[in-house]
Amino acid sequence: MVHNAPLSVPPRRTRRIVFLSLAVLGVASALFVFRGMLFMAAPRCVAGRWHGCWDTFNGVVLMTLVTLPLALLVVWVLARLRRAAGATSAWRRSVAEVGMVHGTVPFLWLTMMPGGGAGVVPARVSLVPLRDLVTMGTLGIVGNLLVFASLGFFAPIRFAVLASLPRILALGAGCSLLVETAQYVLDLDRVSSVDDVLVNAVGAVLAALASRRWWCTREEAPSDRPHPEPEPEPVSVPAG
């Protein structure tokens, strides 16, 4: 009697299915939560208008979600190229790289958006910790937590050297400090606040904690180049 062996899905394929399912679920959830805001910006974004689309929070969030399929396509292409070259952890490395960029650039765009008095209102600096925190409001605090959340989530997955909370804290604070300095130098009618740096750094650390189980270790961080095949040992032929 021949027994049919149970069909099993390979672990790698299972991870891909889970990843795609979570991505689709995340997009659907975001569309549902922000549907009112996104519908407000959709006509202007579809018409290709700068004002009302690229200069608003609603429009930038909408375009981030719309370009998510393109980001997934880039992940797939990078992973296929790496696997063809013999690199290890091709999917994890590709997802981390694209995730860092796709999840961080829109927030940087929003933070560097000039205010109504840009170039007219003098640059302002707030160096007293926690003074501006009470005036941010819930939306402001959540927004600042998300600025470098993708960076904090994916950076330790991609780079073993960043796989520690103090380094992620330093990374988030350093990137935030650069943004606040740029806002001051470019005179964007924004307040360069130390509280923004603190909240941005905390957001990066919290996101890093959420991805801790997938952090890259030094043993799992080979280069993208394929491993050289070992040369065959010479075979000695006995004389006579």
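**Labels and the values behind them**

Reply: The disulfide of cysteine 45 and cysteine 53 is right-handed, because the torsion about its S-S bond is about 105°. This is a predicted model.

Me: What makes cysteine 45 and cysteine 53 a disulfide?

Reply: Their sulfur atoms are 2.0 Å apart. The cut-off is 2.5 Å, so the pair counts as a disulfide. By this rule the count comes to one disulfide.

Me: Why are cysteine 45 and cysteine 53 called buried?

Reply: Buried means under 20% relative accessible area. Cysteine 45 has 13% and therefore counts as buried; cysteine 53, at 0%, is buried too. Cysteine 216 is buried at 4%. Cysteine 175 has 21%, so the label there is partly exposed.

Me: How many helices and strands does the protein have, and in what order do the elements run?

Reply: There are 10 helices and two strands. From the N terminus the order is α-α-α-α-α-α-β-α-α-α-β-α. Of the 240 residues, 32% are buried.

Me: How do you know that glutamate 97 forms a salt bridge with arginine 82?

Reply: The closest N and O atoms are 2.6 Å apart. A salt bridge requires a side-chain nitrogen of Lys or Arg within 4 Å of a carboxyl oxygen of Asp or Glu, so this pair qualifies. Glutamate 97 lies in helix 6 and arginine 82 in helix 5, so the bridge ties together parts 15 residues apart in sequence. Arginine 82 is buried, because its relative accessibility is 11%.

Me: What makes Arg82, Glu97 and Arg158 a network?

Reply: Salt bridges link these residues. Glutamate 97 also meets arginine 158 in a salt bridge, at 2.6 Å from N to O. Arginine 158 is in helix 8 and glutamate 97 in helix 6, so this pair ties together parts 61 residues apart in sequence. Arginine 158 has a relative accessible area of 12% and is therefore buried.

Me: Which residue forms a salt bridge with arginine 124?

Reply: The partner is aspartate 189, with the closest N and O atoms 2.6 Å apart. Arginine 124 lies in strand 1 (residues 124-126), and aspartate 189 in the loop between helix 9 (165-185) and strand 2 (191-193), so the pair ties together parts 65 residues apart in sequence. Arginine 124 is partly exposed, because its relative accessible area is 34%. A search of the whole structure finds three salt bridges.

Me: Why is the pair of tryptophan 54 and tryptophan 109 called edge-to-face?

Reply: The search finds three aromatic pairs. In this one, the ring centres are 6.2 Å apart and the planes are at 65°. Tryptophan 54 is partly exposed at 35%, and tryptophan 109 is partly exposed at 35%.

Me: Why is the pair of phenylalanine 153 and tryptophan 214 called tilted?

Reply: The distance is 6.3 Å centre to centre, with 50° between the planes. Under 30 degrees would be stacked and over 60 edge-to-face, so an angle of 50° is tilted. Phenylalanine 153 lies in helix 8 (residues 149-158) and tryptophan 214 in the segment after helix 10, so the pair ties together parts 61 residues apart in sequence. Ring pairs link Phe153, Phe154 and Trp214 into a cluster.

Me: What makes the contact of tryptophan 215 with serine 211 a polar contact?

Reply: The two side chains make this contact at 3.3 Å. The limit for the N or O atoms is 3.5 Å, so the distance falls within it. Tryptophan 215 is in the segment after helix 10 (194-210) and counts as buried, because its relative accessibility is 11%.

Me: Is asparagine 200 buried or exposed?

Reply: Asparagine 200 is buried, because its relative accessible area is 4%. It lies in helix 10, and its side chain reaches the backbone oxygen of asparagine 144 at 2.6 Å.

Definitions and conventions:
Residues are numbered from 1 along each chain as its sequence is written. This is a predicted model: local features need pLDDT of at least 70, side-chain atom pairs count only at pLDDT 80 or more; totals for chains, interfaces and linings use all residues. Side-chain values use heavy atoms; hydrogens and water are left out. Buried means under 20% relative accessible area, exposed over 50%, partly exposed in between (1.4 Å probe, protein chains only). Helices (H or I, at least four residues) and strands (E, at least two) are DSSP runs, numbered from the N terminus. A polar contact is a pair of N or O atoms within 3.5 Å; within protein, one must be able to donate a hydrogen and the other to accept it, and residues adjacent in sequence count only if both atoms are side-chain atoms. Rings of Phe, Tyr and Trp (its six-membered ring) pair if their centres lie within 6.5 Å; planes under 30 degrees apart count as stacked, over 60 as edge-to-face and the rest as tilted.
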